[in-house]
Amino acid sequence: LTLTGSSVNENLASGTTVGTFTSTDPDAGSTFTYSLVTGDGSTDNTSFTIDGSTLKTSASFNYENKSSCAIRVRTTDAGGLYYENTFTVAVTDVNEGPIVTLNHGAGSLDSTFGNNGKVMTDFAGSNDQVNAATIQSDGKIVLAGYSHDGAVSTFALARYNTSGDLDTRFGNDGKITLSLSGYGASYAGSVAIQSDGRIVVAGITSNLDSTEDFVTVGRFNTSGDIDTSFGDDGFVFTNIGGSRDVRDVHMVIQGDDKIVVTGSVYKGSFSIGSGTWASDYDFLLVRYNSHGSLDTSFDNDGIVTTDHPGSADYAFSSVIQSDGKIVLVGKTYSSSDGGDIAVARYNSNGSLDSSFGGEGLVSLDIGGMDNYALSVAVQSDEKIVVAGGGGVNGKMALVRYNTDGAMDTGFG
């Protein structure tokens, strides 16, 4: 059993052809049927379909989130005998320029913004990507992400006027790219504005040989210049226990301008059977004082990691309640039942809030093998709304929790 064609470009629509299966059989002239089957190597079967002998996608892929997929396929001959094989489908990275789009009225593009509602910005790298956006009090739009020059990625920021044109008073004609001296690849994953208008950016930076990752926070003045009064000449770099991998960075700024950075931190590997190992992560929170030093009133050293029940835990988003408690959402994964939506709530000192779900942690299986939360918001009545995906065949998911962590059964 072979597959001719084993890669697909990112961002293509569902239904894109990947390749064609062929089978060999001792019986001359035999015909074959093909099907996706469960078993070792079937992790991403739900993202594909087979039409006759043609493998097609049933999802659109993003290289930056997933660079390859694993499928398991069975070929069955006319006599009912079958053979199974596993395949890896590579997701090909393509050059993407940042895009900003504003809608006006009933979902139509706002033709007064940029070029008929859209703005494309090239940083002169081979690949530029936006990971976060925020809007200043004056309506100007700040984007943060990375620019890749073909060799290494660097912090990238842009600021736009309310009309969609680059704000030439910011950085270099509205744009900033920044290689951090003494470090390797870097990217910005989140951006926020402090009360005085200064711009804070959080992301990840690796060391020169890519053996360790650092949570990286930088601050810029409103002009786009690095604010050298923050941290060490404008930046702080925090390594989490020698970890070589930190991911999924998100940031929120408290009312007192303290900076809370959340994400996922690598802690080792675990077996998923048949000699296969998977990466193990924990929830991560780091809190900095407004000037960039670690806040030692937050779990004594400014750093909190949490192992949600499960084998791997990924935190994707966070929010701060009006009482200063921090809510973190993502997913917890185990080899036995896949991913569940995961929510954790912390007191303002970094300890888990035992009034939430009993231990500060709740998880939810909504069906299917991969459930996750990507965003969270708190209502005026302090109920917590979580958005993500999951369920059989993958669907949008919206969940609401009461303030004690119990599911709000009056919702949905």
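How many bridges join strand S25 to S26, and do the two strands run parallel or antiparallel? In this predicted model, 8 bridges join S25 (residues 312-320) to S26, and the two strands run antiparallel.

Strand S26 spans residues 326-334. Of its 9 residues, 8 are buried, that is, under 20% relative accessible area; S26 is therefore largely enclosed by the rest of the structure.

S25 and S26 form a hairpin with 5 residues between them. In the turn, Gly-324 has a positive phi of about 90°. Within the pairing of these two strands, Lys-331 of S26 stands opposite Tyr-314.

S26 is also joined to strand S27 (residues 338-346), by 9 bridges, and these two strands run antiparallel. Here Leu-328 has Ala-344 in S27 as its bridge partner.

## Overall architecture

The protein chain contains 31 strands and 0 helices. Its radius of gyration is 23 Å, close to the 22 Å that the globule rule gives for 412 residues, so the chain is as compact as a globular protein of that length. Taken along the principal axes, the C-alpha atoms fill a box of roughly 75 × 50 × 50 Å.

Among contacts in the chain with a separation of 6 or more, 47% are accounted for by residues 24 or more positions apart.

## Burial, surface and charge

Of the 412 residues, 47% count as buried. The accessible surface of the protein chain comes to about 18,700 Å², and carbon and sulfur atoms hold 47% of that area.

Technical notes
Residues are numbered from 1 along each chain as its sequence is written. This is a predicted model: local features need pLDDT of at least 70, side-chain atom pairs count only at pLDDT 80 or more; totals for chains, interfaces and linings use all residues. Side-chain values use heavy atoms; hydrogens and water are left out. Buried means under 20% relative accessible area, exposed over 50%, partly exposed in between (1.4 Å probe, protein chains only). Helices (H or I, at least four residues) and strands (E, at least two) are DSSP runs, numbered from the N terminus. Two strands pair if DSSP finds at least two bridges between them. The radius of gyration is taken over C-alpha atoms; the globule rule is 2.2 Å times the number of residues to the power 0.38. Contact means heavy atoms within 4.5 Å. Accessible areas come from the Shrake-Rupley method with a 1.4 Å probe; for residues, only the protein chains shown count as cover.
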